[in-house]
Amino acid sequence: PEMKLKLEYLAGCGTFSECRFRTPFYEKEVRGLAFICRSGPAVWEPQSLLLVCRGLIPDDGERLNEWLNERKAQEAAGLLVDLSGESEERISKLAEACRERELVFGTAETAGFTALINDYSHLIASRTDGAVKSYDRVLEDLQRRFYTSGTDSLLEGLSYWTGCQAALIVG
């Protein structure tokens with residue numbers, strides 16, 4: 001099974017708790033995070049929370065509607081946007097446009113947004129049960145398994161984190 005977290009739960013965790021969500025959560029589950037840090041086409045897994053860098057959301061009007069409709073059509077769960085320095089009026093319009101499409105919409109200040117990217121770009125989710133750990137902790141776990149219990153335990157660990165069968169072929 002893939003990672004799925006209720007967005008409402010995620011919003012209360014770690015760095016996410018410093019973000020301000022301006023729409024309901026619509027009972028949505030998040031299957032991943034995607035960083036949108038440049039304009040142009042972007043690809044993400046369905047039900048991803050899109051972390052959108054400053055200046056990438058079009059201004060009001062038809063371009064904004066088109067941009068949001070594309071995200072909705074590509075099954076984004078919602079947007080978390082760095083809107084530091086934006087007017088409250090623009091933020092309110094974006095929130096309303098997201099509500100109309102049942103897209104979750106949250107904002108973060110630049111420092112918080114940067115912290116989010118740093119925290120969550122170093123995580124890996126187990127493909128077996130969705131447990132989340134930093135890459136460093138996963139590597140420590142695999143090393144510990146190998147040194148204390150040998151290759152069978154290491155292979156079990158690889159299978160747990162990747163969701164794939166793991167085998168050691170010698171010769």
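Modeller: Let us begin with Arg90, which lies in helix α3; helices are DSSP runs of H or I with at least four residues, numbered from the N terminus. This is a predicted model, in which local features need pLDDT of at least 70, side-chain atom pairs count only at pLDDT 80 or more, and totals for chains, interfaces and linings use all residues. Residues are numbered from 1 along each chain as its sequence is written, and side-chain values use heavy atoms, with hydrogens and water left out.

Biologist: Is Arg90 buried or exposed?

Modeller: Buried means under 20% relative accessible area, exposed over 50%, and partly exposed in between, with a 1.4 Å probe and protein chains only. Arg90 counts as buried because its relative accessibility is 12%.

Biologist: Which residues does Arg90 touch, not counting residues up to four places away in sequence?

Modeller: Contact means heavy atoms within 4.5 Å. On that basis Arg90 touches Ile57, Pro58, Asp59 and Asp60, with residues up to four places away in sequence not counted. Its side chain also reaches the backbone oxygen of Ile57 at 3.0 Å.

Biologist: How many residues has the largest nonpolar core?

Modeller: In soluble globular proteins, nonpolar side chains tend to be buried together. A nonpolar core is a set of buried Ala, Val, Leu, Ile, Met, Phe, Trp, Tyr and Cys residues joined through side-chain atoms within 4.5 Å. Here the largest has 38 residues, and Leu68 and Phe105 are among those with the most contacts inside it. Helix α3 gives the most to this core, with 5 residues.

Conventions. Helix = DSSP H or I, 4+ residues; strand = E, 2+ residues; numbered from the N terminus. Polar contact = N/O pair within 3.5 Å; in protein donor to acceptor, adjacent residues only side chain to side chain.
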